[in-house]
Every structure is written in structure tokens, then in C-alpha cells.
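Visitor: I'd like to learn how to read a strand and a pocket in a model like this one. Could you walk me through it?

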Amino acid sequence: MSLFSIFYYILLFVIYILAIPYLIFKSKNPKYKQAIPSKFFLSNNSRFKENGIWFHSCSMGETKAIKPLIDYYKDEARVSVITNTGFEEASKLTSNVRYLPFEIFLPFWINKQKVLVVMEAELWFMLFLFAKRKGAKTFLINARISDKSYNSYKRFSFFYKRIFKNIDKVFAQSDIDKKRLEELGASNVEVLGNIKLAQEPKVNNTFTKGTDILITAASTHENEEKLILDAYERKQGRLVIVPRHPERFDSVDLLIKEYIKDKSLTYHKYSQEENFNSDIILVDKMGILNDIFAISDVVVLGGAFEKIGGHNPIEPAFFKCKLISGKNIFNQKPLFECIKDFYLIDNNELSKYLNNIENLKEAVLTKAGSIDPIIKEINACKR
């Protein structure tokens, strides 16, 4: 290992020792009871079998995007993730799923794989260094550098240059991303577009919505549900609220009950009645959002009325929903550039747009994606 690698490892080790009491405390939270022991103490987190195709993604959205690749390589595919939702999504696709351990464990945890394929911005120094040392070809796919994070990346360009030394091929989302990645030290960069466009959203359940307009508030975060409820009137249609994180279902339930207290509105939770017959419905179940998009007339997409960065607009656009979002879409700009006829609004404009639903245009996809060049590169490494 180089002096830089040794110094980096020692620094991480010191941080890890100092963080142990906090990690033990956080692991008592049901949300983290599996993830923290797996990532930071290697509990039930054995190494992958050798000579596979190793895919790494962060969370649910990125894991969904690599589903066609996992399906293509089947038993050869191994998947590591960072988040709980990523783990749950990957477990639907393959039994070879692990939480990626904290970097100090990677030199000992990683064994020889044919290829390492990493999604988007998961630039872990030890991950690429030791995957490469153990004999894997290394690819970064769907790579992007957002406008918001560009300056931060540049400030630490000395660090990212060392990471990119261990990456054999980069598939970038756009020409701008390619230029920025090359400034950070990436080489052999090919613009492929966004692979999230490479698969069509699927409907697993066929729902009935009735004759009313159906407004779906999708992937909402704290404060966004209140904003939407304050802008909502029954004459606009029925309202379906789908919070982004399941741990917030109870708090959103209380918020809605407070909202309807003095109003002549009906309300139920989807887990209690699996229909959309009330004026307001809280969807407290994961994995059915595409099915709801398929019957929605309007989607108010969360994550952008607060400074979250927005969420994926491709799925509601695929189902030709009228699409409204906030202006904080800095993490999703490349995806919004793949559709037309959507509305990015200020928070105080939401009521006006919901009262003008009939005059809004349906969102339309204007671009497609492909994973074929990635498969070609992986297969070349298997020969």
C-alpha cells in the first residue's frame, strides 16, 4: 500500500474506534438493527463467493436501475448496498446480497471477482483499490456530478484522482458529466445516457380509481405533506399520499387526521382498506407506487419542495401523469431533461396548479436508455 493508502486507513480506523459507542447506540433503533451490525461489525455479512459479477449500489432507486443487469447475469451476480431500502430491493432480485462493510474491513472482506460494477457516485477508495488488487476489472456506471456537488468534488480532486486510478472504465450520463469526471481524474469515459431509462416501469397490481381525478403525492418528506394538504381541496379530486420513508407513516397519519378534523372529508390508510375510495388515502405500504402511478392523473413529486434534491420523475412520466414538483431537483436534473411538459413550481404556487389541473399537460418521455454497452464490457472481461 502507498503512504497515502496507509494514512487514509489509519484515519478511518481512528474514526471507527471513536464512533463505536454511537454505532452501538444507533443499532438499538429498529431501522438500523440489521444494517449497522452488518456494515460496522460484519455481523451476518460474509464475503461473496469468488469469480462473480459484483454490483454495488447505494439505495432503492439505484438498485432498481441495475435490475436488468442482475437478471442478465443471474447466479453470477452479487450485490452490495448501503441502505435498508437498497437491501430490501436487492433481496427481491437475488439471494447474493450484502451490506457493503465500512472501508476498514474491505481489504480483508473483498475476495477475487471478475468484475466490479459500481452505480453513480459510490466512490469508495478502498472498494476500488482492493477490488482491483484482487483481480477485478472495475467499472463506474451511470456516473454523474451534480451542479450542487461539483465544487465539493473539485475541492477534494486530489482524493478523487487516486480513486479514479483504480477504475478501468466510466459510463457517464451526459457530456457535462464526462467533462467533470475527467477533470477529477477519470479516464476511458464513455457517455451512455441514464440507464434508469433502460427499463420500462412494470405494473404488478391493477388498481381501480373510479371517475374522480386522482392526485398522488409521491415520495414525500417531512413538511411536504403539510404543504400539499394545505393546498388541497376536495373539488380537485381524491388525494393519495405516499411518504418516502416507512418510519414516517405514523406521523403522517396523525397529520392527516388533524387536517380533516373539522372537514367533511373521508380518510383511510391503505393497510386497513386496500382501495382508493376515500377523499384522502395514506399509502402505508412499500412497493406499489408504480401501480398507483398507472391510475393517477396528477403526481405531486416530493423531495423537491424541501432541499432534498428531488426524486425520479421517469415513472410518473412513463404513465403520462401530469407532473408537478418543487424546484429543488438538483439530484435529478439529468432525469428531468429526459422528459417534457412538467411543472417545477415554488411552494406557494401549489394551490394554484392543483386548481388548474384540467389545463396542465401530461408529462412525456423524450429519451431512452440502454445497458448493452455495459454488458459488452463485462462480457469482454469474462473471456
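Visitor: Which strand does β1 join through 4 bridges, running parallel?

Guide: Strands are DSSP E runs of at least two residues, and helices are H or I runs of at least four, both numbered from the N terminus. Two strands pair if DSSP finds at least two bridges between them. Here, β1 runs parallel to β4 (residues 115-119), with 4 bridges joining them. H56 has V118 as its bridge partner in β4. β1 also pairs with β2 (residues 77-81), again in the parallel sense, over 4 bridges, and there H56 sits opposite S80.

Guide: A caveat: this is a predicted model, where local features need pLDDT of at least 70 and side-chain atom pairs 80 or more, while totals for chains, interfaces and linings use all residues. Residues are numbered from 1 along each chain as its sequence is written, and side-chain values use heavy atoms, leaving out hydrogens and water.

Visitor: Are the faces of β1 buried or exposed?

Guide: In a regular strand, side chains alternate between the two faces of the sheet. In β1 (residues 53-56), I53 and F55 on one side and W54 and H56 on the other are all buried (under 20% relative accessible area, 1.4 Å probe, protein chains only).

Visitor: Which helix gives the most to the lining of the second largest pocket?

Guide: A pocket is an open set of points on a 1 Å grid over the protein atoms alone, where a 1.4 Å probe fits, with protein on both sides within 12 Å along at least five of seven lines; lining residues have an atom within 4 Å of a point. For the second largest pocket, α10 gives the most, with 3 residues. α10 (175-183) and α15 (333-336) each supply at least two.

Methods:
Buried means under 20% relative accessible area, exposed over 50%, partly exposed in between (1.4 Å probe, protein chains only).
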